[in-house]
Amino acid sequence: MATRWGIISAGKISSDFVAALKALPTSEHRVVAVAARSIDDAKKFAQTFGIEKAYGDYMDIAKDPNVDIAYIGAVHKQHCKIGTAIMKGGKNILCEKPLCINVKQTKEMIRVAKEQKVFMMEAVWSRFFPVYKELEKRIKSGEIGEVMHVMANFGKDVRNLLPRFLSNQTGGGVTLEIGVYPIQFVSYVMGGEKPLKVIAGGHQNTGGVEDCIGATLLYPNGKIASITASFKSDLPCEAHVVGSKGTLKVPNPMWCPEKLESPSGTFTQLLPNTGHKFIYENSQGLIYEANEVRRCLKEGLLESPGMPHSESLTVAEIIEAIRTQSGTVFPEDK
Ligand SMILES: NC(=O)c1ccc[n+]([C@@H]2O[C@H](COP(=O)([O-])OP(=O)(O)OC[C@H]3O[C@@H](n4cnc5c(N)ncnc54)[C@H](OP(=O)(O)O)[C@@H]3O)[C@@H](O)[C@H]2O)c1
């Protein structure tokens with residue numbers, strides 16, 4: 001039986017996610033409903049993608065008996081409010097990254113997921129790319145010896161594109177928006193372990209959020225990680241895992257890669273050509289996380305081992321440490 005998706009929000013990433021789902025067999029994935037704040041937007045989205053039901057209220061997704069799982073593609077300031085309401089309505093959720101805008105909200109999302117006994121996963125799609133699986137395999141094989149240092153960065157000059165990135169009122173800031181990718185990468189390599197210490201700094205923009213950051217994370221056993229993220233500079237967008245015997249490199253785009261470079265040779269897994277037009281880079285790779293969600297639901301899991309709740313919390317704690325040390329405090333933090 002197909003996994004039946006209900007889409008919450010008719011924005012850009014929802015559009016890419018549905019386009020990716022459409023590239024998978026209908027016997028495995030079906031989009032059965034979409035909800036937006038405005039019924040007209042929902043109807044337009046439904047028409048574009050041939051979706052049966054369109055709603056003007058997100059909670060109608062929770063009430064729809066044909067929906068197995070809600071995909072939340074709203075802006076992150078809204079994730080906790082929407083996610084907890086939908087889970088309390090009895091539905092599983094896949095919620096876009098970052099799961100929430102602070103640690104307090106992340107804990108609440110996890111609490112509600114456990115209380116309601118529904119599946120919840122933060123949509124850290126990178127984790128399910130074949131390159132990330134290969135990276136894990138090569139680290140475990142001992143190819144580069146003991147991992148000592150992880151370096152990851154993500155920076156794009158996007159200042160003129162999306163105003164919500166740049167304002168405290170909209171839960172903006174570079175750490176939540178794109179810093180989450182190098183942070184989750186470091187956490188992935190460190191096996192989800194919490195850092196002993198996060199030492200960070202960043203520059204504030206006029207909107208009351210950090211627009212570039214640098215952070216050093218100290219881990220047990222002498223391990224260390226360096227993270228940079230920027231809205232102002234086109235950084236290399238690469239990640240390196242440096243071990244006692246060699247280095248693994250995930251080249252640009254490190255958050256949705258097709259290649260892994262290592263001492264034993266380059267691993268390449270090109271993304272399938274789905275024939276769909278996507279808004280964001282390599283969005284056809286959203287199929288990997290969709291398939292992971294289907295696997296988890298079929299097996300009755302309430303969280304994915306690839307992005308468990310505990311790691312969403314660890315990532316949220318690192319993000320909060322970096323943004324607050326960079327001077328960004330949200331009204332929701334109090
Ligand atoms: N996985 C990825 O590759 C990826 C890529 C980009 C973004 N993201 C994440 O996905 C989320 C959405 O990003 P996006 O680029 O798709 O955003 P977007 O298109 O700007 O907005 C998404 C939706 O959020 C709702 N929204 C927008 N402004 C709002 C406001 N002021 N108050 C309440 N709701 C508002 C709208 O829902 P309605 O349609 O219901 O009005 C809108 O369609 C973010 O958390 C982002 O970090 C993930």
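**Salt bridges and a helix contact in a predicted model**

Lys97, Arg164 and Glu177 are linked in a network of salt bridges.

- Glutamate 177 forms a salt bridge with lysine 97, with the closest N and O atoms 4.0 Å apart.
- Because glutamate 177 lies in helix 7 (residues 174-189) and lysine 97 in the loop between strand 5 (92-96) and helix 5 (103-116), the pair ties together parts that are 80 residues apart in sequence.
- Both glutamate 177 and lysine 97 are buried.

**The pair of aspartate 68 and arginine 4**
- In the salt bridge of aspartate 68 with arginine 4, the closest N and O atoms are 2.9 Å apart.
- Aspartate 68 lies in the loop between helix 3 (59-63) and strand 4 (69-72) and arginine 4 in strand 1 (residues 3-8), so this pair ties together parts 64 residues apart in sequence.
- Aspartate 68 is partly exposed at 23% relative accessibility, whereas arginine 4, at 15%, is buried.

**The pair within helix 3**
- Aspartate 60 forms a salt bridge with lysine 63, and both lie in helix 3, three residues apart, which is about one turn of the helix.
- Aspartate 60 is partly exposed, at 21%, while lysine 63 is exposed, at 60%.

**Helix 1 and helix 8**
- The axes of helix 1 (residues 12-22) and helix 8 (residues 286-298) come within 9 Å and cross at roughly 75°, which means that helix 1 is roughly perpendicular to helix 8.
- Their contact involves residues including Phe17 of helix 1 and Leu286 of helix 8, and by class it has seven nonpolar, no polar and two charged residues.

Definitions and conventions:
Residues numbered from 1 in each chain as written. Predicted model: local features only at pLDDT ≥ 70, side-chain atom pairs only at ≥ 80, totals over all residues. Heavy atoms only, no water. Axes fitted to C-alpha atoms, helices over the stretch in contact; angles between N-to-C directions. Helix = DSSP H or I, 4+ residues; strand = E, 2+ residues; numbered from the N terminus. Parallel < 35°, antiparallel > 145°, perpendicular 65-115°, else oblique. Contact = heavy atoms within 4.5 Å. Nonpolar A, V, L, I, M, F, W, Y, C, P; charged D, E, K, R; others polar. Salt bridge = Lys/Arg side-chain N within 4 Å of Asp/Glu carboxyl O. Buried < 20%, exposed > 50% of the residue type's maximum accessible area, 1.4 Å probe, protein only.
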